[in-house]
Amino acid sequence: MPECLFCRIVSGGVPASRVLESPRTLSFRDISPQAPTHVLVIPRDHYPDLPALTAADPALLAEVLSQVREVAEAEGISGRGYRVVFNTGADAGQAVPHVHAHVLGGRALSWPPG
């Protein structure tokens, strides 16, 4: 989808600070980090939200989650703990309509977030 910000990041049309890549996934740093480590993990193919990805390609969702683990290890937060968040829909705060996991860590995270 050419109008999708994350699709443009995947294609290289928009720069991003890339963390990890695989043939079907990409992770990059959030431009408005909410924690010392704030990395987004996305499928390279466009799915508007988590339910769409889950229905269409459960194996790709597993790859996204595998890259979440790899990001946590690469960023040095896997031992201390980290949060994984999927926002689905505008009311949940999903700002970009391309499914993405937020990997947050590097400090103690309160609950509820905020």
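## The largest pocket

Helix α1 (5–11) gives the largest share of the lining of the largest pocket, 3 residues. This is a predicted model: local features need pLDDT of at least 70, side-chain atom pairs count only at pLDDT 80 or more, and totals for chains, interfaces and linings use all residues. Residues are numbered from 1 along each chain as its sequence is written, and side-chain values use heavy atoms, with hydrogens and water left out.

The pocket has a volume of about 700 Å³. Rolling a probe the size of a water molecule over the atoms shows where empty space is left. A pocket here is an open set of points on a 1 Å grid over the protein atoms alone, where a 1.4 Å probe fits, with protein on both sides within 12 Å along at least five of seven lines. Lining residues have an atom within 4 Å of a point. Grid points are joined across faces, edges and corners, and the volume is the space filled by probe spheres set on the points.

## What lines it

Two or more residues each come from α1, β2, β3, β4 and β5. Helices (H or I, at least four residues) and strands (E, at least two) are DSSP runs, numbered from the N terminus.

By class, the lining holds 17 nonpolar, 10 polar and 4 charged residues. Ala, Val, Leu, Ile, Met, Phe, Trp, Tyr, Cys and Pro count as nonpolar; Asp, Glu, Lys and Arg count as charged; the others, Gly among them, are polar.

## The sheet

Five strands form an open sheet in the order β1-β2-β3-β5-β4, with antiparallel pairing. Strands pair if DSSP finds at least two bridges between them. The edge strands, β1 (18–21) and β4 (82–85), each pair on one side only. Neighbouring strands are turned by 20° against each other on average, direction ignored. Axes are lines fitted to C-alpha atoms, for helices over the stretch in contact, and angles run from 0 to 180 degrees between N-to-C directions.

Helix α3 (residues 58–74) lies across β1, β2, β3, β4 and β5 (101–105). It runs at about 155° to β3. Contact means heavy atoms within 4.5 Å.

## Strand by strand

A hairpin of 3 residues joins β1 to β2. These two strands share 3 bridges, and Arg18 has Phe28 as its partner in β2. Phe28 also stands opposite Leu40 in β3. Between β2 (residues 25–29) and β3 (residues 37–43) there are 5 bridges, with Thr25 partnered by Pro43. Another 5 bridges pair β3 with β5; there, Val39 meets Val103.

Because 4 of its 5 residues are buried, β2 is largely enclosed by the rest of the structure. Buried means under 20% relative accessible area, exposed over 50%, and partly exposed in between (1.4 Å probe, protein chains only). In β3, 7 of 7 residues are buried. Thr37, Val39, Val41 and Pro43 are on one covered face, and His38, Leu40 and Ile42 on the other.

## His46

His46 sits in the loop between β3 and α2 (50–56). It counts as partly exposed because its relative accessibility is 22%. Its C-alpha atom is 8.4 Å from that of Cys4, 42 residues away along the chain.
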